[in-house]
Amino acid sequence: MSLIIEEKDLEKFIMVGDRVLVKPKNPSGKTKSGLYLPPSVQENEKVQSGYIVKVGPGYPVPAMGEDDEAWKEKKDEVRYVPLQTHMGDLAIYLNKSGHEIEFNNEKYIILPHSAILMIIRDENLFE
């Protein structure tokens, strides 16, 4: 079951923590031997691939307090350990770990970073 979002602009989406927004690649509907597979079989595959559209800030790390220096200003800002993935990477991920949403009649998957098995980065993709 997918969640349908009635929003106009994908730029308004903000990924939280270690979450990644992926646009699934359209899998080939044909096997190596030439048999055509129905869409329900393709969607139930354990491992799928897709392009990363949005990336969260990373894993939150609590602010470290410096009690020994009374004159220093205390900061309560949260810091993040950045994720390995970048926008435009091709991600190979576990399908069961994601949550499907529908935006502008297109399917997207929200994944935790831990569900991504491998990324393929093409530096010249957008040139």
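## Glu100 and the salt bridges

Let's start with Glu100, which is partly exposed because its relative accessible area is 32% (buried means under 20%, exposed over 50%, partly exposed in between, using a 1.4 Å probe and protein chains only). Its side chain meets that of Lys107 in a salt bridge, 3.9 Å from N to O; the term covers a side-chain nitrogen of Lys or Arg within 4 Å of a carboxyl oxygen of Asp or Glu. Lys107 is partly exposed too, at 28% relative accessibility. Keep in mind that this is a predicted model, where local features need pLDDT of at least 70, side-chain atom pairs count only at pLDDT 80 or more, and totals for chains, interfaces and linings use all residues. Residues are numbered from 1 along each chain as its sequence is written, and side-chain values use heavy atoms, leaving out hydrogens and water.

How many salt bridges are there? The count comes to five. Another of them joins Arg121 and Asp89, at 2.9 Å from N to O. This pair ties together distant parts of the chain, 32 residues apart: Arg121 sits in the segment after S9, and Asp89 in the loop between strand S5 (79-81) and S6. (Strands are DSSP runs of E, at least two residues long, and helices are runs of H or I, at least four; both are numbered from the N terminus.) Asp89 is buried at 3% relative accessibility, whereas Arg121 is partly exposed at 36%. Then there's Asp18 with Arg19, whose side chains meet at 2.7 Å, N to O. Here Asp18 is buried, at 14%, and Arg19 is partly exposed, at 35%.

## The nonpolar cores

Which residues make up the largest nonpolar core? It has 10 of them: Val20, Val22, Ile52, Leu83, Ala91, Tyr93, Ile109, Leu111, Ala115 and Ile116. (A core is a set of buried Ala, Val, Leu, Ile, Met, Phe, Trp, Tyr and Cys residues joined through side-chain atoms within 4.5 Å.) Strands S2 (19-24), S6 (90-94) and S8 (106-112) are the elements that give two or more residues to this core. Apart from it lies another core, of eight residues, including Leu10, Met15, Val53 and Phe103.

Take a look at Ile52, in strand S3 (residues 47-55). Is Ile52 buried or exposed? At 3% relative accessibility, Ile52 counts as buried. Ile52 and Val20 are 32 residues apart in sequence, but their C-alpha atoms are 6.9 Å apart in space. Leaving aside neighbours within four places in sequence, Ile52 is in contact (heavy atoms within 4.5 Å) with residues including Val20, Met87, Ala91 and Ile116.

## Aromatic rings

A pair of aromatic rings is described by the distance of the centres and the angle of the planes. Rings of Phe, Tyr and Trp (its six-membered ring) pair if their centres lie within 6.5 Å; planes under 30 degrees apart are stacked, over 60 edge-to-face, and the rest tilted. There are two aromatic pairs by this rule. In one, Phe103 and Tyr108 have ring centres 6.3 Å apart and planes at 55 degrees, so the pair is tilted.

Phe103 is buried, with a relative accessible area of 4%, and Tyr108 is buried at 7%. Together with Phe13, Phe103 and Tyr108 form one aromatic cluster.
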